[in-house]
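Colleague: I'd like to learn how to read a few local features off a model. Could you walk me through them one by one?

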Amino acid sequence: MNLFSEIKIGQNILKNRIIMAPMTRCRAVINNSANDLIAEYYSQRASAGLIIAEASQVSSIGTGYPCTPGIYSKEQIEGWSKVTKAVHDKGGLIFLQIWHTGRSSHPSLIGGETPVAPSAIKIDGQLYTYEGLAEFPTPRALEISEIKEIVNQFEQAAKNAIEAGFDGVEIHGANGYLIDEFLKDGSNKREDEYGGSIENRSKFLFEIIEAVSNSIGNDKTALRLSPCGTFNGMSDSNPKKHFSYICEKLNDYDLAYLHIMNPLEGDIRHGGVDIKLDVFRKVYQGTLVGNGGYTKESGNKAIEENIADAISFGAIYTSNPDLVERFKVDAPLTQSDPNTFYTQDEKGFTDYKFIN
């Protein structure tokens, strides 16, 4: 088996094991809705075994960046419907990543509200707003009743995604956003049923998984985690122990897949622990997708050695819409341009060349 082998994920047969990772691109310029440009971008990449579309907020209060798409309004459902149709028309499969950015936000992005988090602990540094860079504010800690409401928002977002034609959803539990903030003890200092032990800290995550999978089916529900990630000021006292517990408990849910991010050089530099994917492979019995710094060669090796079932590729997919075809013939890869990652037009988005 290798990157070009078929694999069943949920009820879908993927034509290969090359997955397009979810990446924020900030092109949802009107009412946080996907548009024709976004539809073209994803349809160009439909040769991937699976596309995981960029994180889309489950509510307006869950917004963390300018021009990111949502999946909570009728207009947003209609916008995403154009995208799923374009991908399906080219024979592709597409999941939607759904998120709430939690404390990684700013009042100017969420109608003047204070960002929310498990605990009132701010992120050091700055974030992008419509007015330019601004300091991260101190969030307010969520009330239990509000936590329950956010669980409901994730469930409704998943239903909306299916209505929009997505083949499934990936719950964003990584990268220092709200779910990850609950999971890691550097950001969760609660003393109620959602804080303290890893059993309590993961309660929010599992409530979301149960709500989503009960509504749309476990075969259409997936999850992304970053056990060693430090982005957005994240830290955890024992990620190996804590995330092994989570992975073991996930076996009860028969998800479409579990998507785990490897620690990158920046994570290690900022105090992250270098835990290899095979640690979680030994615990998790379902379909496992690896992410983070893979090449064609290392991706094939991970699959051949049964460390992962599929591999997702991120930045390199921005500049190589035909990544699958390039891998097949060992064609040179076009380097991505970070200067165009978060701009609002077609440059660095839909204008990259195909080899054929």
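Modeller: Glycine 233 sits in the loop between β11 (221-225) and α7 (239-250); helices (H or I, at least four residues) and strands (E, at least two) are DSSP runs, numbered from the N terminus. A word on the ground rules: this is a predicted model, where local features need pLDDT of at least 70 and side-chain atom pairs count only at pLDDT 80 or more, while totals for chains, interfaces and linings use all residues. Residues are numbered from 1 along each chain as its sequence is written, and side-chain values use heavy atoms, with hydrogens and water left out.

Colleague: Is glycine 233 buried or exposed?

Modeller: Buried means under 20% relative accessible area, exposed over 50%, and partly exposed in between (1.4 Å probe, protein chains only). Glycine 233 has a relative accessible area of 52%, so it is exposed.

Colleague: Which residues is glycine 233 in contact with, leaving aside its neighbours within four places in sequence?

Modeller: Contact means heavy atoms within 4.5 Å. With those neighbours set aside, glycine 233 is in contact with Arg103 and Ile123.

Colleague: What does the UniProt annotation cover?

Modeller: The unreviewed UniProt entry annotates residues 3-330 as "domain: NADH:flavin oxidoreductase/NADH oxidase N-terminal". Positions are given in the numbering used here, feature names are shortened, and annotations may be inferred rather than shown by experiment. Over residues 3-330 the chain is 34% helix and 18% strand, with the end C-alpha atoms 13 Å apart.

Colleague: On to aromatics. How many aromatic pairs does the count come to?

Modeller: Rings of Phe, Tyr and Trp (its six-membered ring) pair if their centres lie within 6.5 Å; planes under 30 degrees apart count as stacked, over 60 as edge-to-face and the rest as tilted. The count comes to 13 aromatic pairs. Take phenylalanine 95 and tyrosine 257, a tilted pair with 5.7 Å centre to centre and 40° between the planes. This pair links distant parts of the chain, with phenylalanine 95 in strand β5 (residues 94-99) and tyrosine 257 in strand β12 (residues 257-261), 162 residues apart. Phenylalanine 95 counts as buried because its relative accessibility is 1%, and tyrosine 257 does because its value is 0%.

Colleague: Which lysine lies over the face of tyrosine 194?

Modeller: A charge sits over a ring if NZ of Lys or CZ of Arg is within 6 Å of the ring centre and within 35 degrees of the ring normal. Lysine 203 does this for tyrosine 194, at 5.0 Å from the ring centre. Lysine 249 lies over the face of phenylalanine 206, at 4.5 Å from the ring centre.

Colleague: And backbone angles?

Modeller: Most residues other than glycine have a negative phi. Cysteine 26, though, has a positive phi near 60°. Cysteine 26 is in the loop between β3 (18-20) and α1 (36-44), and it counts as buried because its relative accessibility is 5%. Asparagine 175 also has a positive phi, of about 60°, and is found in the loop between β10 (168-173) and α4 (178-183). At 17% relative accessibility, asparagine 175 counts as buried.

Colleague: Last topic: how many salt bridges does a search of the whole structure find?

Modeller: Side chains of opposite charge can pair when their charged atoms come close. The rule is a side-chain nitrogen of Lys or Arg within 4 Å of a carboxyl oxygen of Asp or Glu, and the search finds 16 salt bridges. One of them joins aspartate 89 and lysine 85, whose closest N and O atoms are 2.7 Å apart. Aspartate 89 and lysine 85 are four residues apart in helix α2 (residues 74-89), so about one helical turn separates them. Both aspartate 89 and lysine 85 are exposed.

Colleague: Where are aspartate 309 and arginine 281 in the chain?

Modeller: Those two side chains, aspartate 309 and arginine 281, meet in a salt bridge (2.9 Å, N to O). Aspartate 309 is in the loop between α10 (296-304) and β14, and arginine 281 is in helix α9 (residues 277-281), 28 residues apart. Both aspartate 309 and arginine 281 are buried.
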